[in-house]
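Please read it alongside the sequence and the coordinates.

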Amino acid sequence: MTALSTTPRPRLPFGTEEVQFIKRSIIFTLRTPEVMVMAIALPVMLMLLFTFVFGGAIDSGGDYVNYVVPGIILLCAGFGASSIAVDVAKDLHTGIIERFRTMRIRSWAVLTGHVVSSLVRNLVATAVVIGVALAVGFRPVGSPTEWLAAIGVIALWILSITYLYAAIGLAAGSEGAASGYGFALLFLPYISSAFVPVSTLPSWLQWVAQHQPVTPIVETIRGLLMHTPLGNEPLYAVIWCAVILLIAVAWGTIMFRRKAGRR
Amino acid sequence: MTRAIDVRELRKSFGRTEVLAGIDIAVEAGTIFALLGPNGAGKTTLINILSTLVKPDSGTATVAGFDVATQPDLVRGMIALTGQSAAVDEVFTGEENLRMMGRLFGLGRVAAASRGRELIAQFGLEDAARKRVKTYSGGMRRRLDIALSLIVPSPVLFLDEPTTGLDPRSRLELWDVIRALKSDGTTVLLTTQYLEEADQLADHIAMINEGRVIVEGSPAALKAATGGEVVELRGPDDELVREIPTDGTIAGLRRALDELDDSGERGSVTVRKPSLDDVFLTLTAGTPVRELTAPELIDAKG
C-alpha cells in the first residue's frame, strides 16, 4: 500500500458515478431475467387476451387490435417501471446506499442508474410489444415523424412513472412494501380510454377517466399512430408527465436525504 | 501524536429516544480504537455520525481534521466504512464488486481490476472471485465487504461489528488484517460486542452504555481498574463452579478462599487476572435505567 494521504481524495471526473451506476443497473437487469420476462410477457399475454378473447365482445366501432395496442403499450410501461421501487428499496435495505453516501461521490447517481436502466428496459419491452402487435394485426398509419413523437411521449411517460416508483421505493420501508405500493398505480390504465372508450363507462367513472394522466397519453399515441383526432390531448399528456416527474423528483430527493443512516 | 478522531459532547436523539447522551472520545492517529457495548448502546449511531451519514444534534466531531457537520464532503475523502450489513451486490461477482468500487474510489479501469485481484488474493477469495456473491457464505461476504473498504488506503477506517457472524478462523484472519492496517498507518475505529475482540485488537477501548462512555483506557488499564485477581473454582470437568472477585490484596485472597472453604464446594482452585468481562459486568451492574439482560451478556461474551 502507498503512504496515507493527508489531503482528501479528489472528486471523481464528471459523469464517472453515472456511468458506473448505469452499468450496475443494466447488468443487474440482464442478470435478473424474471424482471424482463414479467415486463414483456404480461403485456403480451394481456394483448392476446384483449384481442382474441375479449376482442369479439368489445365493440369499439372498428378493429379492436388497432384500438387496444396504445393502451397495452402504456400498461407495459407501467409494469416494467414498477420494479424500480423494489430495486431501490433493496439498495436502501442492504446498506449499499449507505456505503455510497460515505464516499466522496454523488450518491444520488445510484438512482439515476436505476432510472436509466428502467427506461432502456421498458423501451425494449415496448418494442417487443409493438412487434407482437404487428404480428396479430395492428396496422398503424403514422408517418416516421409521428412514430418518433409517439415514442417520445411513451419515453416521457416511462421516465415520469419510473421516477415516481423510485420515490415510492425510497419511501417504502421494505422491498415487500415497495412492490405492494407499486401495484396501486397499475390500475390506472384500466380506468381510462386504454381498453374501452370513455363514453362506455358509468358516468362517475367517466369523470375519473377523463381527469387522469393515462387517457390523454393513450389518446395522443392513438392520434399519432392511428390518426384519430388529437385535439389538446398531446398538451395534456406532456403537462401530466411533467407534473408527475416534478413531484416524483422532489419527493425522491426529500426521501433520499431523510433515509440517510436509517435502515 | 495527532488526533484522527475528536468527539466532544456529542448528542443525538431519534424522536424521544436519546441515543447519544454527550459522548467524548479522542482517537490518536495510527491506533485501533474499540467502541465496546451492548446492542442499543449507541455505537452504530456514533459511527454513522462520524462517517457523515447522520447529523448530530449538538456537540462537535472531527475526523482526520475535518468537521463532520460542516465539511462532510472532505471527511468522505478521508474515510472508508464497512457497516453492519454486508453492503455488496449479490448478482455481481466478487471481482465485479471490487472493480466497480475501485472506479468509484477514483481508480482507472486497469488499476481497479488489478487492485481487485490483489484484494481477492489477500482475503482468500480466489476460488469465488468469478462467482456471484449470492452463492457466498456469510463469512465470505463479510470478507468481501471489508475488502471493498480497503481498495484505496484511507487515513481513517470505520468497521461496525466487523466480525459478527464470522466463524472463529475467519475472525482470527480478520484480526490479522486489521493489525496490518494499523501498521500501514490507518486509524481504525471499530465497534464490537465481543470483549475478547477489543482486548486482542485495540490500543484503546471506550465502553459505551446508554449513549455514554462509562469507562475508557487501554485494555490493561481497564483490567487493572477493576481491582484484583479473580478466584475461580472449577469442577471435575473444568466447568466453572464459582467465581469470586478479590480486591487484589493477600487478605482479600484469603477471604475468598475462606468463603470457598465454608461453602463446602469441591474442585480445583485457580487465580486469574480480571478479564474485560469483569470490567464490563462491574460497570454495567450499577446502571439502574436499563439493566443488561442475561442473553445480552452471553452475547457480549461471544
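Two residues are taken to be in contact if their C-beta atoms, placed from the backbone, lie within 7 Å. The structure discussed here is a predicted model.

## Nonpolar core

By the contact criterion, and with neighbours within four places in sequence left aside, B:Val63 touches B:Ile5, B:Leu50, B:Val68, B:Val75, B:Met78, B:Ile79 and B:Val156. B:Val63 is also one of the residues with the most contacts inside the largest nonpolar core, a set of 143 residues.

As a general background, nonpolar side chains in soluble globular proteins tend to be buried together.

## Overall build of chain B

Chain B contains 11 helices and 13 strands. Its C-alpha atoms fill a box of roughly 75 × 45 × 40 Å along the principal axes. Of the 302 residues in chain B, 43% are buried. Among contacts in chain B with a separation of 6 or more, 66% are between residues 24 or more positions apart.

## The four-stranded sheet of chain B

Four strands of chain B form an open sheet in the order 2-1-4-5, and the pairing is antiparallel. Strand 2 and strand 5 (66–67) are the edge strands, each pairing on one side only.

Strand 1 (residues 3–14) and strand 2 (residues 17–28) of chain B run antiparallel and are joined by 9 bridges. Within this pair, B:Leu10 stands opposite B:Ile23 of strand 2. The hairpin made by these two strands has 2 residues between the strands, and B:Gly15 takes a positive phi near 60° there. Strand 1 of chain B also pairs with strand 4 (residues 58–63) of chain B, in the antiparallel sense and over 5 bridges. In strand 4, B:Ala61 is the bridge partner of B:Val7, and B:Thr60 is the bridge partner of B:Arg8. In a regular strand, side chains alternate between the two faces of the sheet.

## Two enclosed helices of chain B

Why is helix 1 (residues 43–50) of chain B described as largely enclosed by the rest of the structure? The reason is that 8 of its 8 residues are buried. They are B:Lys43, B:Thr44, B:Thr45, B:Leu46, B:Ile47, B:Asn48, B:Ile49 and B:Leu50. Just after helix 1 of chain B, B:Thr52 takes a positive phi of about 70°.

Helix 5 (residues 138–148) of chain B is likewise largely enclosed by the rest of the structure, because 8 of its 11 residues are buried. The buried residues of helix 5 are B:Met140, B:Arg142, B:Arg143, B:Leu144, B:Asp145, B:Ile146, B:Ala147 and B:Leu148. Their cover includes strand 6 (79–82), helix 3 (94–104), helix 4 (109–122) and helix 6 (168–183) of chain B.

## The three-stranded sheet of chain B

A further open sheet in chain B has 3 strands in the order 12-11-13, with antiparallel pairing. Strand 12 (240–245) and strand 13 (268–272) are the edge strands, each of which pairs on one side only. On average, neighbouring strands of this sheet are turned by 20° against each other, direction ignored.

Strand 11 (residues 230–234) and strand 12 of chain B run antiparallel and are joined by 5 bridges. B:Val231 stands opposite B:Ile244 of strand 12. Helix 9 (residues 250–263) of chain B lies across strand 11, strand 12 and strand 13, and runs at about 25° to strand 11.

## Contact between chains A and B

How many residues does each chain bring to the contact? Chain A contributes 28 residues and chain B contributes 28 residues. On the side of chain A that touches chain B, helix 1 (16–31) and helix 4 (96–101) of chain A each supply at least two residues. Helix 1 of chain A gives the most to this side, with 7 residues. By class, the side of chain A that touches chain B has 11 nonpolar, 9 polar and 8 charged residues.

How values were computed:
Residues numbered from 1 in each chain as written. Chains lettered and ligands numbered in written order. Predicted model: local features only at pLDDT ≥ 70, side-chain atom pairs only at ≥ 80, totals over all residues. Nonpolar A, V, L, I, M, F, W, Y, C, P; charged D, E, K, R; others polar. Core = buried A, V, L, I, M, F, W, Y, C linked by C-beta atoms within 7 Å. Buried ≥ 20, exposed ≤ 12 C-beta atoms within 10 Å, placed from the backbone. Pairing = 2+ DSSP bridges. Axes fitted to C-alpha atoms, helices over the stretch in contact; angles between N-to-C directions.
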